[in-house]
Amino acid sequence: QVQLVESGGGLVQPGGSLRLSCAASGSIVSINTMGWYRQAPGKERELVASITRGGNTNLVDSVKDRFRISRDNAKNTVYLQMNSLEPVDTAVYYCNAYVFAASITTSGDYWGQGTRVIVSS
């Protein structure tokens with residue numbers, strides 16, 4: 001079984017910073033693209049940023065100048081550094097990864113449980 005566990009969310013004032021982490025564990029052979037999605041109240045889940053195993057990144061325009069995604073392949077971990085946070089960034093942030101597991105039956109797309117980010121004064 002494969003699990004993704006996020007951490008690092010919380011309450012922060014506008015202009016502040018947070019760093020989210022997502023660690024994958026289990027019988028993992030390798031992980032392809034990893035990404036962060038978010039879902040604000042009353043809205044659909046949206047892609048925020050993604051990173052390939054080789055380090056190529058993609059960020060949505062609204063965060064491109066403020067957020068940075070990175071990963072540590074040795075630790076099966078992806079990070080999202082969020083700077084200059086704004087109230088519109090308030091959402092539950094979900095980690096996603098396509099995992100190649102030891103068993104083909106457990107390989108596939110996995111999601112974390114979500115970590116809440118609240119940007120408010």
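A word on the model: it is predicted, so local features need pLDDT of at least 70 and side-chain atom pairs pLDDT 80 or more, while totals for chains, interfaces and linings use all residues. Residues are numbered from 1 along each chain as its sequence is written, and side-chain values use heavy atoms, with hydrogens and water left out.

Let's start inside. The largest nonpolar core has 32 residues; such a core is a set of buried Ala, Val, Leu, Ile, Met, Phe, Trp, Tyr and Cys residues joined through side-chain atoms within 4.5 Å, where buried means under 20% relative accessible area, exposed over 50% and partly exposed in between (1.4 Å probe, protein chains only). Among the residues with the most contacts inside this core are Trp36, Phe67 and Tyr93. Strand 9 gives the most to the core, with 6 residues; strands (E, at least two residues) are DSSP runs, numbered from the N terminus.

Next, the disulfide, meaning a pair of cysteine sulfur atoms within 2.5 Å. The whole structure has 1: cysteine 22 and cysteine 95, with sulfurs 2.1 Å apart. Cysteine 22 is in strand 3 and cysteine 95 in strand 9, so the bond ties together parts 73 residues apart in sequence. The S-S torsion is about -80°, so this disulfide is left-handed. Cysteine 22 is buried, at 0% relative accessible area, and cysteine 95 is buried at 0% too.

And on the outside? Valine 29 belongs to strand 4 (residues 28-39) and is exposed, at 59% relative accessible area.

How values were computed:
Helices (H or I, at least four residues) and strands (E, at least two) are DSSP runs, numbered from the N terminus.
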